[in-house]
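Please look through the sequence and the model before reading on.

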Amino acid sequence: MDIVNEHREKCTQCGQCLEVCPRYEDLGLIESLYGYLEGKSEIEPDALFRCLTCGLCAGACPEELGIKMLISPARQKWVGEKGLSDRQTMVDPDAENNIFKKIAEMGEVSSYRDGPGSVVYFPGCAGTYINTNMAKATVALLNKAGVDYTVLSGLDYCCGAVSAGAGNPGPILRHGQKNIGEVRKRGAKVLITACPGCFKAFKDIYPKMFGNLDFEVLQVSQYLERLIEEGKLAPKTALINRVFYHDPCHLTRGMGVYREARNVLEKIPGTELANRTPENSACCGFGGGVRVNYPSESLSVASDRYRAAEKLGCEVIITNCGGCMQNLVEAGKDEKIEVFDLAEYLARAFGINVERDDRKMLEQVNRVYRLCISGYERVDSP
Ligand code: SF4
Ligand code: SF4
């Protein structure tokens, strides 16, 4: 049965998906998507591109449907008909207007140890060029734990998952097999990724496209938990904070990984975790292209995360994804609550404060958005 027929047959029009959706309110959207996917009617771009791809609708639907399952194929249809816009090619590693290429042209990019290693750390494009604190902290922790690691970083190894999410499967097809070969060439038994998108690429998409992998794939929270359990990392320095763990949509709802980061936080002396389950978790506003297509709305969704953390009496938000990190930092410029990446926070429990320049990071990303996207309007001066 095709997706439209399946949805139409099972959907009771109960509206529970829209009760949790941060972006849409009108049940008529479902009919519009049916019509567009069946080729019977056109659709407004807002109906497709306001979606954060957060997956909250699927989690709330009693029939296990939601709206995202219609929006994803509808976006692919749109791209097939109208072609890729610069908002989609900006994350294509081989495109002229790729944002990471532009950041690399602007200045120095950290390089890390490369060569043989039993563990490959994969910081992804975000960790390499934007959220460099994530990569620096993870590398510091791998050194601390005495791991035999190597790093596969930079645009040449872009996983392609974000492009695929934007309706452009080209980069996954071009890079997937090569990336798998690069991990094998280094002799790795384990690959650890920073971002949930890279994690999904290696854990889920690549095996479906290229066959089973002969190395284990873990997201960094899973590997950090393992290092703590094996006694290779024993956080000693007390970090006296009540913390809020912000669940990245594509990790928690997309891949079902949410306990490990919480377990890591609960092992840090002095740290009290306020939200021990992902119940009531919500999107940071970054995903699905919303950050570049609807900048001020995206940052307003991110601000809501501060209100949720505030309500639980937290002084710190911890996250575990480059996109979440970027949006929370940008929306939090005037907030009292601090934001840290999980590895960055754990590193502090070993007295390691990694270098981080939020102002420079925000200036750079807003600059490359303006350079790479026609008509992009910057919201605020970072
Ligand atoms: S929650 Fe599920 S069944 Fe209810 S309207 Fe939404 S998609 Fe249909
Ligand atoms: S994925 Fe998120 S933003 Fe998109 S329709 Fe579902 S709940 Fe709304």
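This is a predicted model: local features need pLDDT of at least 70, side-chain atom pairs count only at pLDDT 80 or more; totals for chains, interfaces and linings use all residues.

Residues are numbered from 1 along each chain as its sequence is written, and chains are lettered from A and ligands numbered from 1 in the order in which they are written.

Four strands form an open, parallel sheet in the order E2-E1-E3-E4, where strands (E, at least two residues) and helices (H or I, at least four) are DSSP runs numbered from the N terminus, and two strands pair if DSSP finds at least two bridges between them. Strands E2 and E4 stand at the edges with a single partner strand each, so one side of each is left without a neighbour in the sheet. Strand E3 pairs with E4 over four bridges, and Ile192 stands opposite Leu218 in E4.

The largest nonpolar core has 114 residues; such a core is a set of buried Ala, Val, Leu, Ile, Met, Phe, Trp, Tyr and Cys residues joined through C-beta atoms within 7 Å, and buried means that 20 or more other C-beta atoms lie within 10 Å of a residue's own, with C-beta atoms placed from the backbone. Leu328 is among the members that touch the most others.

Around ligand 2 there are 15 residues, each with its C-beta atom within 6 Å of the ligand, and they divide by class as follows.

| Class | Residues in the shell |
|---|---|
| nonpolar | 10 residues |
| polar | three residues |

Conventions: A residue is buried if 20 or more other C-beta atoms lie within 10 Å of its own, exposed if 12 or fewer, and partly exposed in between; C-beta atoms are placed from the backbone. Ala, Val, Leu, Ile, Met, Phe, Trp, Tyr, Cys and Pro count as nonpolar, Asp, Glu, Lys and Arg as charged, and the others, Gly among them, as polar.
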